Amino acid sequence: MKEKKGKLQNNKQINGLRRNKLSFRIAFITVISSLFSIVAIETVYANMKGLIRNYGHIVDVDYTISEYMNEVMIDIYEHQAVVFHHIAEQKKEKKTELKENAKRVEDGLKTTMKDYEAIVRSTEYETGYHELFSLMSAYLHNVDNVMDLSGAGATQTAHYTMTTKLEPIVSEMNTHIVNMDSAIHKDIENLKTSMRESADLMRIISRVLMFLMILATVFNVSYCLRISDEMVSRDLLTGVANFDQLIRVGEKMKRRKKNRLTNYAGLAISIKDFKFINQEYGSVIGDIVLKNYAATLNGYLQRGEVIARNGGDNFIALVEKDRAEAFFNQISKVPVDVGEKMGLTLTSRCGIYQINEDDSIYDVINACLIAVGETRRSGANDYVWFRQERRDEMIRQKDILSGYHKAIEEEEFIIYYQPKVNLKTRTLCGCEALVRWIRNGELVPPNSFIPVLENDGKVQELDFYVFDKVCRDIGDWQRRGIQPVRVSSNFSKLHLHNKQFVDDVLAVVNKHGADPYYLEAELTESSGYEDLDAMKYFVSEMREAGIHTSMDDFGTGYSSLSLLRDIDMDVIKLDRTFLRDENDAKEERMVENIVRMIHDLDRKVICEGVETEEQVEFLKRVGCTMAQGFLFDRPLSREEFEKRLINPYY
Ligand code: C2E
Ligand code: MG
Ligand code: MG
């Protein structure tokens with residue numbers, strides 16, 4: 001099985017979302033999430049800046065440490081200078097001043113060391129500080145000794161001690177400070193460099209990330225649009241185009257400079273007996289069948305052609321017009337795999353329409369649907385070209401249905417009465433009420449609208465409309481002193497599905513106070529009574545109420561005799577087909593026997609459609625004594641019929 005890769009993927013269900021709405025939502029969500037991501041990057045960047053600030057602080061501290069160390073050294077050298085001065089000085093008063101000076105410098109030195117200690121605590125330079133502190137303590141400790149020696153006049157010993165013992169300590173302190181200082185400066189330089197590097201790196205990274213983010217957003221949006229487009233244009237089960245997409249493609253073809261739609265034929269395709277597959281194998285297998293069937297059909301298409309699913313097992317395709325028949329031949333029998341061991345060969349039905357210049361895509365779809373509808377008629381081909389008359393018929397039916405409600409409301413329906421005649425006495429013995437539609441000033445016969453209303457389930461209302469007028473007229477004639485005859489009114493078989501039918505009939509009779517004796521309900525035999533029980537019930541209830549029942553068009557259905565046996569109707573109305581050949585002896589014998597049988601069953605018989613005296617003679621010969629037909633009267637307006645009631649002789 002050829003399957004167009006990528007085209008026929010299953011999409012998850014996203015029902016009801018329209019294309020733009022969906023696209024907008026996805027784009028909105030994507031943009032929002034990208035904005036969030038950008039904000040996140042910005043936050044990282046801001047944090048980085050905070051970090052850099054902290055590093056800056058560390059650098060500041062290092063510099064301060066360095067400054068303290070220098071100050072310590074300066075103080076030491078100053079102190080040392082004062083001490084040397086003290087040693088060298090001979091005058092007592094000057095010595096006291098120098099001693100105070102030395103003390104002041106020493107205090108200053110200690111304060112600096114305290115601050116130094118405070119700032120250096122818990123840093124990597126703490127050990128260096130302690131070393132410096134112990135050197136300094138050693139120095140200060142010995143200085144007291146030197147001062148005492150100098151004060152006591154042992155200048156030389158003091159000078160000696162100073163240079164031999166204390167100078168190396170000072171020099172060691174100096175070296176220590178210089179080493180530490182350069183270590184600190186080196187650290188600071190390294191720190192600065194790494195800080196600058198990581199800041200630069202961070203900036204580059206964040207810019208790259210932002211760029212990627214924008215790229216991802218753009219990609220996402222376009223991807224989402226494409227996906228949403230796919231989802232709203234494809235059928236969810238089969239993956240072929242959906243109906244909306246077909247309309248879009250069709251309209252686009254038509255909009256082209258040279259209407260491209262006319263290069264194609266429209267095909268409505270469905271699977272024959274798909275219902276059976278669903279019933280027999282279940283809907284899961286049914287779905288697989290549909291998917292594979294659609295994939296096969298799709299595989300047969302050529303560039304520029306399209307197939308769309310129109311619900312259920314119905315597909316519509318636009319195929320190049322020269323290929324339309326060949327395409328149908330290709331798909332008339334479609335093998336599909338259902339499971340590992342199961343395969344089916346499906347037969348397709350197809351209605352084909354050759355597209356014209358003026359057609360819209362909707363016209364095309366309508367036309368090929370009408371054509372495929374034709375294939376369902378009994379004995380029809382599986383492949384049918386569209387016939388214009390069929391569309392006209394549909395338009396006519398639509399027109400009837402759309403005008404019907406207004407017609408009921410505005411009483412456009414009127415009742416005609418067709419007399420029934422007793423052939424022995426040639427007098428009026430009853431009549432049938434027949435509806436007519438006065439539409440736009442014209443009289444429309446019932447055969448052109450009753451079947452349409454019946455198909456659409458609307459005829460019941462009309463039957464009651466007629467029956468209502470019949471009951472009203474009977475009451476009216478009685479009030480006016482005109483002797484009525486029994487009037488039969490037609491009721492569609494659809495009423496038999498209604499449990500209220502009997503009650504509804506009786507309600508109308510009671511409403512007008514009509515005498516049931518003058519009423520008869522006609523049910524057509526040819527329409528086929530599926531529900532015999534409902535019919536039996538209706539007939540017996542009518543009998544109970546004193547209303548006659550009759551079987552219309554007897555002889556046109558398939559089960560006439562069994563109906564005759566099972567349903568106890570008062571009157572049988574022979575269809576006018578019994579009058580086909582009144583000179584045929586065989587026919588005469590047959591009709592004679594039927595009439596006798598009806599009489600034997602204690603029913604009355606009347607023949608419809610009597611047009612000639614020969615037919616009257618024939619009926620008399622076969623024992624049928626009542627007739628209805630143009631020979632006596634056509635269906636008459638109420639006024640005309642009243643004249644017949646007053647003068648009932650023929
Ligand atoms: P139907 O009930 O069998 O009515 C008899 C039809 O035969 C009437 O046609 C009548 O005009 C016609 N007819 C009578 N005599 C002759 C004749 O000598 N020659 C020919 N060629 N025709 C004759 P109409 O009035 O056009 O009604 C046609 C059908 O429409 C009726 O057939 C009936 O089935 C249906 N119909 C009429 N009114 C109603 C109604 O109120 N409700 C329902 N459900 N159906 C109705
Ligand atoms: Mg009738
Ligand atoms: Mg009839």
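Analyst: The magnesium ion (ligand 2) and the magnesium ion (ligand 3) are 3.9 Å apart, with Asp552 coordinating both. Keep in mind that this is a predicted model.

User: OK, which residues coordinate the magnesium ion (ligand 2)?
Analyst: Its donors are Glu432 (OE), Asn490 (OD1), Glu522 (OE) and Asp552 (OD), at 2.0 to 2.3 Å. Along the sequence, the donor residues of that ion follow the spacing E-x57-N-x31-E-x29-D. Distant parts of the chain get linked here: Glu432 is in strand 8 and Glu522 is in strand 11 (residues 519-524), 90 residues apart.

User: Why does the pair of Asp552 and Glu608 tie together parts apart in sequence?
Analyst: Asp552 lies in strand 12 and Glu608 in strand 14 (residues 604-608), so the pair ties together parts that are 56 residues apart in sequence.

User: Switching topic: where does ligand 1 sit?
Analyst: Ligand 1 is in the largest pocket. Strand 8 (427-439), helix 12 (459-479) and strand 12 (548-554) are the elements that give two or more residues to the shell around it.

User: Which of those gives the largest share of the shell around ligand 1?
Analyst: Strand 8, with four residues.

User: Which residues come nearest to ligand 1?
Analyst: Out of 23 residues around ligand 1, the nearest are Glu432, Asp463, Asp552, Glu611 and Phe630.

User: Which side chains put a polar atom by an oxygen or nitrogen of ligand 1?
Analyst: Glu432 has a polar side-chain atom 2.9 Å from an oxygen atom of ligand 1. For Glu608, a polar side-chain atom is 3.2 Å from an oxygen atom of the ligand. Gln418 has a polar side-chain atom 3.0 Å from a nitrogen atom of ligand 1.

User: How much of ligand 1's accessible area does the protein cover?
Analyst: On its own, ligand 1 has 800 Å² of accessible area, and the protein covers 86% of that.

Technical notes:
Residues are numbered from 1 along each chain as its sequence is written. Chains are lettered from A and ligands numbered from 1 in the order in which they are written. This is a predicted model: local features need pLDDT of at least 70, side-chain atom pairs count only at pLDDT 80 or more; totals for chains, interfaces and linings use all residues. Side-chain values use heavy atoms; hydrogens and water are left out. A residue is near a molecule or strand if one of its heavy atoms lies within 4 Å of it. A polar contact is a pair of N or O atoms within 3.5 Å; within protein, one must be able to donate a hydrogen and the other to accept it, and residues adjacent in sequence count only if both atoms are side-chain atoms. Accessible areas come from the Shrake-Rupley method with a 1.4 Å probe; for residues, only the protein chains shown count as cover. On a 1 Å grid over the protein atoms alone, a cavity is a set of points where a 1.4 Å probe fits but cannot get out, and a pocket is an open set with protein on both sides within 12 Å along at least five of seven lines; lining residues have an atom within 4 Å of a point. A molecule sits in a cavity or pocket if more than half of its atoms lie within 2 Å of its grid points. Donors are N, O and S atoms within 2.8 Å of the metal (3.2 Å for Na, K and Ca); water is not among the atoms, so sites may look incomplete.
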